[in-house]
Amino acid sequence: MGVNKKTRKFAQVKRVISSRDSRLKKNQLKQATAVPKKDKSAEVVREIPQVASSLFFQFNEALRPPYSVLVDTNFINFSIQKKLELIQAMMDCLYAKATPVITDCVMAELEKLGPRYRIALRIARDPRFERVKCDHKGTYADDCIVNRVMQHKIYIVATNDKDLKRRIRKIPGVPIMTCGTGKYVIERLPDAPEK
């Protein structure tokens, strides 16, 4: 009969208290002398953004027919893909006259896209579309559209861009038009006031 061999168990080490343990006296002293953190709710609000006078309980009274629809680059591209005629489909969606508005930044974006998007560029150059001049630097259309809508809440924004829609939803009283299958869809357009 031989002696049973005793294998050593791995990872069996005496447990040691870490230097940050709250049971050590030096850490208890640090906690007692620590400065309590300020609550963010206790801070005083110094500036509240000015709300447009045309807004009344999220109802934008400045939006009346004929509607001005700020059109984004990808909205035109989606309209072409879905074979929708831009002005006619807008009128079908809004049940009123609609004027598509295109900024210089959107036109510059369409021109940068090259010959593949020449049909979109031809549609954007339609004389029935209203052109708006931009006085800022750069040609990033999303920033341009958001700034214009913040200043003048008379536009409906037509876009299929998720990031731009997320930014515009934060602005009260601005409806968003998107290109669905076979028709345009609008969100946040208030109902007609009852007389």
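Leaving aside neighbours within four places in sequence, Ala89 is in contact with Leu84 and Tyr184, contact meaning heavy atoms within 4.5 Å. This is a predicted model, in which local features need pLDDT of at least 70, side-chain atom pairs count only at pLDDT 80 or more, and totals for chains, interfaces and linings use all residues. Residues are numbered from 1 along each chain as its sequence is written, and side-chain values use heavy atoms, with hydrogens and water left out.

Ala89 belongs to helix 3 (residues 86–94); helices (H or I, at least four residues) and strands (E, at least two) are DSSP runs, numbered from the N terminus. Ala89 counts as buried at 10% relative accessibility, where buried means under 20% relative accessible area, exposed over 50% and partly exposed in between (1.4 Å probe, protein chains only). Its C-alpha atom is separated by 9.0 Å from that of Gly182, 93 residues apart along the chain.

An open sheet of mixed pairing is formed by six strands in the order 5-4-3-6-7-8; two strands pair if DSSP finds at least two bridges between them. Strands 5 and 8 stand at the edges with a single partner strand each, so one side of each is left without a neighbour in the sheet. Neighbouring strands of this sheet are turned by 30 degrees against each other on average, direction ignored. Axes are lines fitted to C-alpha atoms, for helices over the stretch in contact, and angles run from 0 to 180 degrees between N-to-C directions.

| Strand | Residues |
|---|---|
| Strand 3 | residues 67–71 |
| Strand 4 | residues 98–103 |
| Strand 5 | residues 130–132 |
| Strand 8 | residues 184–187 |

Strands 3 and 4 pair in the parallel sense over four bridges, and Tyr67 stands opposite Ala98 in strand 4. Helix 4 (residues 104–112) lies across strands 3, 4 and 5, running at about 70 degrees to strand 4.
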